[in-house]
Amino acid sequence: MSSPRPLLKTPLAEVQVLTFEGQPVHARFATLRDALAARASTAAGGLLAEPLAGAAAITWYSEGDGEALNFSELPASRVESGRLRLARALRDLEPLLEDPALGPVLRLALVVPGSRAIWVLDDRVTLSDWGCLAAGAAATPAAMAAQIRDVLGPFSPLLAAVDER
């Protein structure tokens, strides 16, 4: 496995960082990564890019082999394998959404501002900008559920039907 490398630097002016119990959702990275790896799968454990928050931006890092490509920029020959990897990682984490302690923060982590947050490497799929909405977007339960449905729903029947709870 290669060492973590930057995927993307997101200016804070472009996103609305979601919070959970008074902290940015991305501040729960280690807890989420460890829980996903231990209780879901290796694929799910690597799903969330590691955030490094600065005063004006968040830089997102991922381990993995090969060139990191945004899902929307994948060559046709890699689209299906990328889709399958993401679907598997999401399927593996779905049971954790019902966990009373982990589920609420995991659900917020699955809110991403758009499909530009999906990255495909040779051996994994990673999400950047997790726990964020686009700047100016409504941070209501309905809007966040709609964002999950729109971006990740095409890869997960459960997330395609996520509601506002």
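A: Two strands count as paired if DSSP finds at least two bridges between them, and strands themselves are DSSP runs (E, at least two residues), as helices are runs of H or I with at least four residues, both numbered from the N terminus. This is a predicted model, in which local features need pLDDT of at least 70 and side-chain atom pairs count only at pLDDT 80 or more, while totals for chains, interfaces and linings use all residues. Residues are numbered from 1 along each chain as its sequence is written, and side-chain values use heavy atoms, with hydrogens and water left out.

The sheet is open and has three strands in the order 7-8-9, with antiparallel pairing. Strand 7 (69–70) and strand 9 stand at the edges with a single partner strand each, so one side of each is left without a neighbour in the sheet. Between strand 8 and strand 9 the antiparallel pairing runs over three bridges, and Val 120 has Val 125 in strand 9 as its bridge partner.

The loop between strand 8 (118–120) and strand 9 (125–127) holds Asp 122. Asp 122 forms a salt bridge (a side-chain nitrogen of Lys or Arg within 4 Å of a carboxyl oxygen of Asp or Glu) with Arg 78, and the closest N and O atoms are 3.6 Å apart. This pair links distant parts of the chain, for Arg 78 lies in helix 3, 44 residues apart from Asp 122. On the scale used here, buried means under 20% relative accessible area, exposed over 50% and partly exposed in between, with a 1.4 Å probe and protein chains only. Asp 122 counts as partly exposed because its relative accessibility is 43%, whereas Arg 78, at 18%, counts as buried. Other buried residues of helix 3 include Gly 82, Leu 86 and Leu 90.

A second salt bridge joins the side chains of Asp 129 and Arg 116, at 3.4 Å from N to O. Asp 129 lies in the loop between strand 9 and strand 10 (132–134), and Arg 116 in the loop between helix 4 (103–109) and strand 8, so the pair ties together parts that are 13 residues apart in sequence. Asp 129 counts as buried, because its relative accessibility is 0%, while Arg 116 is partly exposed, with a relative accessible area of 33%. The structure holds seven salt bridges, including the pair of Asp 122 and Arg 78 and the pair of Asp 129 and Arg 116.
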